[in-house]
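Colleague: I would like to learn how to read a surface patch. Can you show me one?

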Amino acid sequence: MEQNIQNLPIDIQTSKLLDWLVDRRHCNLKWQSEVQVIREKINAAIQDMPENEEIKKLLSGSYIHYFHCLRIVEILRGTEASSKNIFGRYSSQRMKDWQEIVSLYEVDNIYLAETASLLSRNVSYEGPALRKQLAKAQQLQQELSRREVECQSSAADLRGRYYAACKQYGITGDNVPRELQALVKDLPAFLDDVGKDAAKLEEQIQLYTAFTNFVCEWSESVLPMLTFAQKKGNTTFYEWRTGKVPTVVERPFVEEAAAETVTEDTIDWGDFGKGTDPQVVNSGITVEDGIDWGISLEPSSEDTGAGGIDWGDSEPAPIEIEIVDAGTDCPEGVARGEDALSILENSESRSQFIDELTELEVFLTQRISEMGEEGDVVAMSQFQLAPSVIQSQSREHVREMLSEVQDLLGRLTSLRMQHLFMIQASPRYVERVSEVLRQKLKQADILVLKGATMVEKRKEALEEQSRLEPRVDLMAGCTRELQKLIEADISKKYHKRPVNLMGVNI
């Protein structure tokens, strides 16, 4: 029975180790105050140590406890052997100091309480804190890597959107303002081509005119703008408005207004407020400036009575109002201003042109749908008396006519053309477009810089991890060594029974 008890292990929870030692009277409750005295002696003793690599290693950065002191005494027995007398005692003060420290540690097993406290602190606080810092550094690296990829992808997306927007405008994006202005220069030639292609719409216009006259008995002209463009092409708005070809065309010149920067250096305040005589203030205006204010200080011969004041006895001078008709200031045959623009450049006539194209498109689409209905006897009977231009049309031919109309309409209403018309109407639109596109590139550059910052922070987190990993390994090694020493020491007190300290995990 006694043999079986001797083989039973003693399991002690590390977090309760100090309480276990105090409860079993191995240590007393006042061990901390006694440890303070020992720590002061250790701090004094380490000031005078021999040159020894192992001692340096023991004293470098680690907490010196009882088992370290035992090892230092063993080393000093070799280095201080010359100071040993015939009675086996050492005359070296170093040896005496460290032997005294060991003796103080062994009083009431103070060393056991201190090492148990140190082990519990490593397991419960120091180790978890280091592991938490290490995990935080690793998590930070992952987060920074993810954000770096996001910054790169977002920057690439913004640049892609920038070049996609430039593609919509028909520019490369190297110099946005200059390229947009160059596009506007090519706009008249493009609109002239559209006007030439409008000549192909003669058959469509004739069909629509005949259809409206037959069905609705419409006597007035339909699609006047399309008919004019089909016959005349992209002529001036003056010719459309007056029916006459202008002899002189004076196109409006739009000059881009540069932003004016007004500084204090450009404002001449004169000598105002600088201690001059208030009765003689030079406002900067003299007679030599050539400004005639219509005020004379000398009385004229026409002035009568008291100071030349007119009291209203004479008849007032009649007021003449000249009424000028609008447009009479422009000579006949001269196209100026909006009249000098072509019908596709002028916003009013262009809108009418597009509206009539849309009207023609809707008609042809509806006509194709009606011609696709088979077996409609009523519809066939209705068109027996229709003109030949209506009866001779086939569905495939109407589709071809519709395709030509849609082609012209698409060329005029594309997103690129809308932007070009806005640029032509307002040069400041170029600045707004350039600023919007520039913001995309600016945001992309900011994201690239942010990604570079993420790289730098990730390197710092990696360096922090490299610094913490050796500390964790050192902490784990010291804790396992301390665990074995405490287990062996407690085992001696219980006749070599096996002792297991539970919960030691670093």
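Modeller: Glu 202, Glu 203, Glu 396, Glu 400 and Glu 404 form a negative surface patch. Patch residues have over 30% relative accessible area and no salt bridge, and like charges are joined within 9 Å. A salt bridge is a side-chain nitrogen of Lys or Arg within 4 Å of a carboxyl oxygen of Asp or Glu. Asp and Glu count as negative.

Colleague: Which elements give two or more residues to the negative patch?

Modeller: They are α9 (202-215) and α15 (395-413). The largest share, 3 residues, comes from α15. Helices are DSSP runs (H or I, at least four residues) and strands are too (E, at least two), numbered from the N terminus.

Colleague: What kind of model is this?

Modeller: This is a predicted model: local features need pLDDT of at least 70, side-chain atom pairs count only at pLDDT 80 or more, and totals for chains, interfaces and linings use all residues. Residues are numbered from 1 along each chain as its sequence is written, and side-chain values use heavy atoms, without hydrogens and water.

Colleague: Where does His 495 lie?

Modeller: In the loop between α17 (428-493) and β4 (499-502). His 495 is exposed, because its relative accessible area is 63%.

How values were computed. Patch = residues over 30% accessible without salt bridge, like charges linked within 9 Å, V, L, I, M, F, W, Y side chains within 5 Å. Areas by Shrake-Rupley, 256 points an atom, 1.4 Å probe, with all protein chains shown as cover. Charge placed at Lys NZ, Arg CZ, Asp CG, Glu CD. Buried < 20%, exposed > 50% of the residue type's maximum accessible area, 1.4 Å probe, protein only.
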